Amino acid sequence: MKNKIGLTDGRVAVMLITAILIIDQIIKIAVKTHLCLGESIHVTNWFYIVFVENAGMAYGLQLLNKIFLSLFRIVAVVLLGWYLHWEIKHHGRTRYVLILSLIIAGAAGNIIDCMFYGLIFSAASPFSVSTFVSLGQGYAPFLMGKVVDMFYFPLIVTTWPEWVPMVGGNEFVFFSPVFNFADASISVGVILLIIFCRKDFERITIAFSRKKQLPGDFNGEDKDEG
């Protein structure tokens, strides 16, 4: 059906990546230009829109130097993009191509923040809304921008029993990280990859370790139809 209307796996992958990037950036820019840092919108008791920024990895983790982390992300996305092209060229399964596209789009979405947000936005603060500025007049140099996060799902908010060592009496929030649309795209992609694409891992291992022609089972014969 896809081929009849000109939707090859490559085109669908490009469309999916583009759509995720556009949605991710629209959400981030809307939050950044309408909310003060730390400001929140109560949607439901288990869902808030909260404007936070982080200089690290997904879900606010910060493990590496900022410049190194930004460069690492760029190299990782380039390598994943090359691998996605390789899979499409060698007739990888449609589901595998789409799942890889989710991961690439999510990673690229956060890279855009790091590369450009520091150049084009004023610094966010708890007392003022961030605004667009002339290129290069923003709050940070190239690759040093902060990633915008906003989705907060405190599904369970309770208190640890007093008898629990170290944390007794403290508040406990189940799923406390604040994340963005790009983070969600990466996480969903990784989960789907683990659940549905073990055969594809075997395929790439065979192709690169033995340097043989791709097995017939995966050379288009097992390709998804739609």
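Modeller: From one end of the sequence to the other, the chain follows the pattern α-β-β-α-α-β-β-β-β-α-α. That makes five helices and six strands, taken as DSSP runs numbered from the N terminus (helices: H or I, at least four residues; strands: E, at least two). The model is predicted, so local features need pLDDT of at least 70 and side-chain atom pairs pLDDT 80 or more, whereas totals for chains, interfaces and linings use all residues. Residues are numbered from 1 along each chain as its sequence is written, and side-chain values use heavy atoms, without hydrogens and water.

Because its relative accessibility is 1%, aspartate 24 counts as buried (under 20% relative accessible area, with a 1.4 Å probe and protein chains only). Its side chain is joined to that of lysine 28 by a polar contact of 2.8 Å (a pair of N or O atoms within 3.5 Å, one able to donate a hydrogen and the other to accept it; residues adjacent in sequence count only if both atoms are side-chain atoms). Beyond its neighbours within four places in sequence, aspartate 24 is in contact with Gly109, Asn180, Phe181 and Ala182 (heavy atoms within 4.5 Å).

For the whole chain, 38% of the 226 residues count as buried. Of the contacts between residues at least 6 apart in sequence, 66% join residues at least 24 apart.

Note on methods
Buried means under 20% relative accessible area, exposed over 50%, partly exposed in between (1.4 Å probe, protein chains only).
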